[in-house]
Amino acid sequence: MSFQIEKIHHVAYRCKDAKETVEWYKKNLNMDFILAFAEDHVPSTKAFDPYMHVFLDAGNGNVLAFFEVPNQPEMGFDPNTPSWVQHLALKVKDRDELIVAKEHLENAGIDVIGVTNHGIFHSIYFFDPNGHRLELTYDDPTSEDKVSMITDAIKQDMLDEWSRTKRAPAHTQFLHSDELAEAREVAPVGE
């Protein structure tokens, strides 16, 4: 290929209310409101569809953006996709910062799941006022060693096995061995 992706420029989601969304992200995730623009016509399609587009600083040059599009039907989510699947994961420095964030969110009345141990990182999960699932995570101190165990051959073998069987290959079960020990006792793999 003659081109290479440098990084994600921004990620955009729909929101119910642009002002409420900006204020929520500032208050709960300490994100700065860095840019806004609005038009009556969509620049790419030229369609008449008034919108407000807001941009938030997600750190290190990462940008999280939202569109409020009031002339469209009320926003919804794919009813066939579990709510835990589609989410945005944001990294924090370490466990101490994750715990501070969890306490801050809970004190603001936000339901938080976790801390969940993924073996190579640890996460909490919650929803923004638009119903988007968010994850805050930090890398486990042993993550580099564990990731190095998942070779290119293992990744490809797992992908091929999944493609054939649609069952979880066992190659990386060591990552969630602590987190899922109890669940695997109740419903062993394959049942």
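The questions and answers below go through a predicted model of one protein.

Me: How are residues numbered, and which pLDDT do local features need?
Reply: Residues count from 1 along each chain as its sequence is written, and side-chain values use heavy atoms, with hydrogens and water left out. In this predicted model totals for chains, interfaces and linings use all residues, side-chain atom pairs count only at pLDDT 80 or more, and local features need pLDDT of at least 70.

Me: How many helices and strands are there in the protein?
Reply: Helices (H or I, at least four residues) and strands (E, at least two) are DSSP runs, numbered from the N terminus. From the N terminus on, the elements run β-α-β-β-β-β-α-β-β-β-α-α-α. The protein has 5 helices and 8 strands.

Me: What share of the 191 residues of the protein counts as buried?
Reply: Buried means under 20% relative accessible area, exposed over 50%, and partly exposed in between (1.4 Å probe, protein chains only). The C-alpha trace spans about 55 × 45 × 35 Å along its principal axes. Of the 191 residues, the buried share is 30%.

Me: What span does helix H1 reach from its first C-alpha to its last?
Reply: The expected span of a helix is 1.5 Å times one less than its number of residues. H1 covers residues 18-29, which is 12 residues, and 16 Å is expected. The span in the model is close to that, at 16 Å.

Me: Where around H1 do its buried residues lie, and over what arc?
Reply: The buried residues of H1 are Ala18, Thr21, Val22, Trp24, Tyr25, Asn28 and Leu29. The arc is taken from the directions from the helix axis to the C-beta atoms. These residues lie on the same side of H1, because they cover an arc of only 165 degrees.

Me: Which residues are exposed on the other side of H1?
Reply: An α-helix has 3.6 residues a turn, so residues three or four places apart point the same way. On the other side of H1, the exposed residues are Lys19 and Lys27.

Me: Which residue has a side-chain oxygen that reaches the backbone nitrogen of lysine 19 at the start of H1?
Reply: A polar contact is a pair of N or O atoms within 3.5 Å; within protein, one must be able to donate a hydrogen and the other to accept it, and residues adjacent in sequence count only if both atoms are side-chain atoms. At the start of H1 the oxygen comes to within 3.0 Å of that nitrogen, and the residue is aspartate 17.

Me: How are the rings of tryptophan 24 and tyrosine 25 arranged?
Reply: Rings of Phe, Tyr and Trp (its six-membered ring) pair if their centres lie within 6.5 Å; planes under 30 degrees apart count as stacked, over 60 as edge-to-face and the rest as tilted. The count by this rule is 6 aromatic pairs. In the pair of tryptophan 24 and tyrosine 25, the centres are 4.9 Å apart and the planes stand at 70 degrees, so the pair is edge-to-face.

Me: What is the angle between the planes of phenylalanine 37 and phenylalanine 55?
Reply: These two rings form a tilted pair, 5.4 Å centre to centre, with the planes at 35 degrees. Phenylalanine 37 is in strand E2 (residues 33-41) and phenylalanine 55 in strand E3 (residues 48-57), 18 residues apart. Phenylalanine 37 is partly exposed at 37% relative accessible area, whereas phenylalanine 55 counts as buried at 7%. The angle asked for is 35 degrees.

Me: Which elements do the buried residues of H2 pack against?
Reply: In H2 (residues 95-107), Leu98, Ala101, Lys102 and Leu105 are buried. They are on the same side of H2, because their arc is only 100 degrees. On the other side, Asp96, Val100 and Asn107 are exposed. The buried residues pack against H1, strand E6 (113-117), strand E7 (121-127) and strand E8 (133-139).

Me: Which residues is phenylalanine 121 in contact with, leaving aside its neighbours within four places in sequence?
Reply: Contact means heavy atoms within 4.5 Å. Phenylalanine 121 is in strand E7 and is partly exposed, at 26%. The residues in contact are Thr116, Glu135, Thr137, Tyr138, Asp139 and Asp140.
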